Amino acid sequence: MKIITHLFFKRTLLASIALAGLVSMASAQTWESALAKFGSNGKLVYTTDANKNSIPDFSYAGYKNNDKTIPLATKIISTLSPKAGDNTTYINNAIVAAASVTPDANGVRGVILLSKGTYQISGTIRVNVSGVVLRGAGSSSDPNVGTILQATGNTPAQRTVLVAGGGSASGWNKTGTYQANITDNFVKVGSREFSVASTSGLNVGDNILIYSPCTSVWINAVGGGGTAGAANWTDNSLPLVFSRVVKAINGLKITLDAPVFNHLDKSLAQAYIYKVDRSGILSQIGLENFRIDIRNWTNQDVDENHAWEGVGMVQLEDSWATNVVALHFGHAGFRFNTATRITVDNCQALEPVSTIVPERRYNFNFEDHCTNILIKNCTSNKARHAYVSNGTSSVSGIVILRCKAIDNYTSSEGHRKWSMGMLFDNFTTSGNIPSDGRVLGMYSR
């Protein structure tokens, strides 16, 4: 067993450097980084090197920027029990009906409770109402104890069994006419403040996108981007983007809810901000205490004519999944796209069924436009990439905390071009070690 250790503390107590090496638990307790040290007040002090690099604060990842605990919903909207045949429409109708319930002060409408037993699911469950908690009796494999969503059939082909959120991988698109250049010559990685040309029309609480164009100057500054044997990147191919909330405005200076995970250097590209189109983005959705088991396969390393993903958290923010198990998917147990401030706790993505080739077995998969997502106390097995940042330069602020990867075929990693802001903290891998020796991949691909 190999253990990758690191320190993870709330907000000001955070050492957020992703270790490329392997260290023992004993040495981690005595070693102190030159880049993140405890100050006299017990808070971490971040230093800056000669190239203006410093460690950013990852503690903003998760539900409500990790400032609030996940609400415990107690109001039961409806209680369902398994029916004979397909239960997809049955569950979806209960979700639609929940839209008529008034949310509480936390924005939660209440719980749709799935009693113990096996629910055959031949379509896609769509938790597409903000404030709904879909809760089972437990994630046990025993239907006399737990709630099992048993996905059958392959219509439509390679579907997602459960989608939480608006469901559109739309990204963070512009709305309105407001747009302003960032006027600072250099915004250091980890910064939460900068100045803009105008704040007229901008308000505290606005969701903005920080957009730094992919210019030829920037591409040249990073050596062309392409690795050995690959072509150089092209203009506009990989803009750096960060979805953030405005927390304060002081003249022309704005303060964000979370830091940026890359330098914004005006000499390389003129970064700017605009307001995000929030239509379709849902929030306060909870998935709790059930199991998704994908069926109709016989050979685990070959068959692919079955549901392809367990859970999709798409066009979603300030939401969570706890004690959910996804089994026998081909592509991902948990997939994230256009997702912000999500916490996934004590979940498992296990026993994928597919050929063992690229674009399969990304058990926890962070696709395009994901930011500040916390995965903690989770387990993956038989993955190609168990925990993978797979959305190029639109994904950052991903924290993998106290998670396990068992019997891997290759590494957990920043998978594609210009992955940013990914922290592995107390990460354990065991069982089969990949033949290429890679456990974590923190590199430019």
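Student: Why is arginine 438 called partly exposed in this predicted model?

Tutor: The computed relative accessibility of arginine 438 is 29%.

Student: What makes glutamate 413 buried?

Tutor: Buried requires a value under 20%. Glutamate 413 has 0% relative accessibility, so the residue counts as buried.

Student: How do you know that glutamate 413 and arginine 438 form a salt bridge?

Tutor: The test is a side-chain nitrogen of Lys or Arg within 4 Å of a carboxyl oxygen of Asp or Glu. For glutamate 413 and arginine 438 the N to O distance is 3.5 Å, so the pair meets the definition. Glutamate 413 belongs to strand S30 (residues 412-414), and arginine 438 to the loop between strand S32 (427-430) and strand S33 (440-441); the bridge therefore ties together parts that are 25 residues apart in sequence.

Student: What makes Asp257, Arg278, Glu317, Asp318 and Arg341 one network?

Tutor: They are joined by salt bridges that share partners.

Student: How many salt bridges does the structure hold?

Tutor: There are 14 salt bridges. One of them pairs arginine 335 with glutamate 367, whose closest N and O atoms are 3.7 Å apart. Since the limit is 4 Å, this pair also qualifies. Arginine 335 is in strand S22 (residues 332-345), while glutamate 367 is in the loop between strand S24 (364-366) and strand S25 (370-376), so parts 32 residues apart in sequence are tied together.

Student: Are arginine 335 and glutamate 367 buried or exposed?

Tutor: Arginine 335 has 14% relative accessibility, and glutamate 367 has 17%. Buried means under 20%, so both residues count as buried.

Student: What makes the pair of glutamate 351 and lysine 382 a salt bridge?

Tutor: Their side chains come to 3.0 Å, N to O, and the definition asks for a distance within 4 Å. The pair links distant parts of the chain, 31 residues apart: glutamate 351 is in the loop between strand S23 (348-350) and S24, and lysine 382 is in the loop between strand S26 (379-381) and strand S27 (387-389).

Student: Why are glutamate 351 and lysine 382 called partly exposed?

Tutor: Glutamate 351 stands at 22% and lysine 382 at 24%. Both values fall between 20% and 50%, so the class is partly exposed.

Student: Why is the phi of asparagine 289 worth a remark?

Tutor: Most residues other than glycine have a negative phi. Asparagine 289, in strand S20 (residues 286-294), has a phi near 65°, which is positive. Asparagine 323, found in strand S21 (residues 309-327), likewise has a positive phi, near 55°.

Student: What is the form of the peptide bond from threonine 155 to proline 156?

Tutor: That bond is cis, with omega near -10°. Proline 156 is in the loop between strand S9 (147-151) and strand S10 (160-164). For context, most peptide bonds are trans.

Student: Which residues lie nearest the centre of the second largest pocket?

Tutor: They are Asn65, Val245, Asp257, Asp318 and Arg341, out of 26 lining residues. Strand S15 (240-250), S21 and S22 each give two or more residues to the lining, and S15 gives the most, with five. The pocket holds about 370 Å³ of space, and its lining divides into seven nonpolar, six polar and 13 charged residues.

Student: What makes cysteine 214 buried?

Tutor: Its relative accessibility is 2%, under the cut-off of 20%, so cysteine 214 counts as buried. Cysteine 214 lies in the loop between strand S14 (207-212) and helix H3 (216-221). Beyond its neighbours within four places in sequence, its contacts include Ile219, Thr234 and Pro239.

Key:
Residues are numbered from 1 along each chain as its sequence is written. This is a predicted model: local features need pLDDT of at least 70, side-chain atom pairs count only at pLDDT 80 or more; totals for chains, interfaces and linings use all residues. Side-chain values use heavy atoms; hydrogens and water are left out. Helices (H or I, at least four residues) and strands (E, at least two) are DSSP runs, numbered from the N terminus. Buried means under 20% relative accessible area, exposed over 50%, partly exposed in between (1.4 Å probe, protein chains only). On a 1 Å grid over the protein atoms alone, a cavity is a set of points where a 1.4 Å probe fits but cannot get out, and a pocket is an open set with protein on both sides within 12 Å along at least five of seven lines; lining residues have an atom within 4 Å of a point. Grid points are joined across faces, edges and corners, and a volume is the space filled by probe spheres set on the points. Ala, Val, Leu, Ile, Met, Phe, Trp, Tyr, Cys and Pro count as nonpolar, Asp, Glu, Lys and Arg as charged, and the others, Gly among them, as polar. Contact means heavy atoms within 4.5 Å.
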